[in-house]
Amino acid sequence: MAHVAFIGLGNMGGPMAANLVRAGHSVTVFDLSAEACQQLADLGATVAASASEAVRAAEPAFRVDYVISMLPAGKHVAGIYLGENGLLAQLGPETTVLDCSTIDAPTSREVGAAAAQLGIGFMDAPVSGGVAAAAAGTLAFMCGGEAATFDKARVILADMGKNIFHAGPAGAGQVAKGCNNMLLAIHMIGSCEALEMGVRNGLDPAVLSEIMLASSGRNWSLEVYNPYPGVMEKAPASNGYKPGFMVDLMAKDLGLAMDIASQSGVDNQMGQLARELYVRLQEAGMGQQDFSSVLTLLERKG
Ligand code: NAD
């Protein structure tokens, strides 16, 4: 049993923290939303009045084994960890810090460097899998940090996920996540284009999907997340594009991927096009739809 402070109990953090409580850990939580905190209290977590109080737990001298954060963006992560009143200044080397938020790699590296100066183990550990996987405890974690920190981190991450990867030093988890989601966007759009082209030429989308799945066009979008309505009963496409994984989140992740590409001088033209299409979907008011709804952009072309 470990003592864990969990900061950020939104759509992802809430079910992740709940899984830690169920696994028998002593979990102290904090979120700006009292309602989110109450949901965790109902499951047996202790609610703190601030992030600082969460890392101190019940006694002022007491230090937690892990601090885990699941926050919207880099500014929130820098805000809670850095500076004189930040959490790092209140922790010691016995605590391991795991930031599971999807944020820009430079902020992860900055927090990682500040933690290293204080002798505190830090990992960026963004996740793949979405809300359903967070609830089921089957997330994939992509970790960036020292090997020794990874060894300590994987013990607790295993109670929230099933695939735990060490991608490299601090920031590497964010880079891995950016690479994966850029590729996901590209093969989703490619799958939509292929299906739409087949349908406009008289093919049945289910038959065409079967053909491509048995051929070299096979990919994850076709395999488990077919974007054409009616092909896969449980896919968002067959349920009015209810998410799933929202267009807004894909657009955010592609923005982070574009930053990684430009910071490292990569000419990622397909990734840029993918981002443009997702921003266009947001502008069309579809930010809250599932990301496979990119098919509707092709349909609208008439
Ligand atoms: P969310 O908006 O539902 O939750 C964020 C939570 O953080 C909110 O409850 C908010 O009140 C809290 N918060 C913000 N600032 C805070 C602060 N200073 N102190 C304490 N709490 C604070 O977001 P989410 O969907 O849970 O996503 C969290 C992260 O996970 C994001 O970085 C997102 O990109 C990533 N992610 C989300 C999904 C998904 O499907 N939702 C999938 C993979 C990764």
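**Notebook: a ligand and a loop**

I began with the ligand and found 22 residues around it, the closest being N11, M12, D31, L71 and K252. A reminder to myself: this is a predicted model.

Next I asked what kinds of residues make up that shell. They divide into 12 nonpolar, seven polar and three charged.

For M12, I noted a backbone N or O atom 2.8 Å from an oxygen atom of the ligand. For T102, a polar backbone atom lies 3.0 Å from a ligand oxygen. K252 uses its side chain instead: an N or O atom there is 2.8 Å from an oxygen atom of the ligand.

How much of the ligand does the protein cover? On its own the ligand has 840 Å² of accessible area, and the protein covers 82% of that.

I also checked where the ligand sits, and the space it takes is the largest pocket. Which elements give two or more residues to the shell around the ligand? I wrote down α4 (74-81), α6 (130-136) and α11 (247-263).

My last entry is about G285. I found G285 in the loop between α12 (269-283) and α13 (295-299). Is G285 buried or exposed? G285 counts as exposed because its relative accessibility is 62%, and the cut-off for exposed is over 50%. I also looked at G285 together with L298: they are 13 residues apart in sequence, and their C-alpha atoms are 16 Å apart in space.

Methods
Residues numbered from 1 in each chain as written. Predicted model: local features only at pLDDT ≥ 70, side-chain atom pairs only at ≥ 80, totals over all residues. Heavy atoms only, no water. Helix = DSSP H or I, 4+ residues; strand = E, 2+ residues; numbered from the N terminus. Buried < 20%, exposed > 50% of the residue type's maximum accessible area, 1.4 Å probe, protein only. Near = heavy atom within 4 Å. Polar contact = N/O pair within 3.5 Å; in protein donor to acceptor, adjacent residues only side chain to side chain. Areas by Shrake-Rupley, 256 points an atom, 1.4 Å probe, with all protein chains shown as cover. 1 Å grid on protein atoms, 1.4 Å probe; cavity = no way out; pocket = protein on both sides within 12 Å on 5 of 7 lines; lining within 4 Å. Sits in = over half its atoms within 2 Å of the grid points. Nonpolar A, V, L, I, M, F, W, Y, C, P; charged D, E, K, R; others polar.
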